[in-house]
Amino acid sequence: MSELSQQDYRDGWRLVCEMTEAAGDAVAFARLVASEITTLSVCDLARNTRSVVSSPGSSISAADREAYDHHFAQHPLVRYHGANRGGGAHRISDSLPRAEFRESALFNEYYRRIGIDHVLAVPLFVDRSLLVSFVLNRNGKDFSDRERMLLDLVREPLAALYRHALARARSFGTLPVTPREREVLDWLAAGKTDREIGRILGMSPRTVQKHLQHIYEKLGVETRTAAVMRALEK
């Protein structure tokens, strides 16, 4: 039976620290457990659709996303975590034999076209309508028991970070700001600079500053810190 080493525990703690500082950067997962494509996947269980944020250099095309959505309800990981809300890191091979998976329409119409053989999901949040997971995709060799255990080691701290961010986002939703201003405010609360916020949201630092000025006026504050504190009071 696989066991985690002291180095595994150190690597896991380092990942949690990196994710805290990077506000959910999927790249950190790929450094802990190797994968060709690492995504943050947000699944709408009511509408059978998902949105994804991919690690740099591994974006998924619109056509590929459409192919995935076509088989959403039958996806082994969606079905497993939707039915087992307390479940941890889970591989497709934990639900389906390899031969059966490779004969499925999901594999042949989606995973084969993006060049992926094995998939593992690490859930951060699950309720009746929403499933949020980090998903690791790999060619060739399946994820080992040790790798699954290692990802389970960091899952709960990262899930706590996500729940905190979700609560903050919901509280920001009561503020008298536009959706775009709310995005700026969220990244401001995460400690990002104007330049970093602009890069994340695809706007210039000057546009970020204009949004911030509008936020200050609406919240009746004059500084970045005061804006975040006022938002968190709501």
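Q: Which residues of helix α9 (residues 179-189) are buried?
A: They're Glu181, Val184, Leu185 and Leu188. Buried means under 20% relative accessible area, exposed over 50% and partly exposed in between, with a 1.4 Å probe and protein chains only. Helices (H or I, at least four residues) and strands (E, at least two) are DSSP runs, numbered from the N terminus.

Q: Where do the buried residues of α9 fall, seen down its axis?
A: They fall within an arc of 100 degrees, so they line one face of the helix. The arc is taken over the directions from the helix axis to the C-beta atoms. Just a heads-up: this is a predicted model, where local features need pLDDT of at least 70, side-chain atom pairs count only at pLDDT 80 or more, and totals for chains, interfaces and linings use all residues. Residues are numbered from 1 along each chain as its sequence is written, and side-chain values use heavy atoms, with hydrogens and water left out.

Q: What follows α9?
A: Gly191 does, and its phi is positive, near 90 degrees.

Q: How do I read strand pairing, and which strands are joined to β4?
A: Two strands pair if DSSP finds at least two bridges between them. Strand β3 (residues 90-91) is joined to β4 by two bridges, running antiparallel, with His90 opposite Ala121. Strand β5 (residues 130-138) is also antiparallel to β4, with eight bridges, and Val126 has Leu131 as its bridge partner. β4 and β5 make a hairpin with three residues between them.

Q: How many residues of strand β4 (residues 118-126) are buried?
A: Nine of the nine, so β4 is largely enclosed by the rest of the structure.
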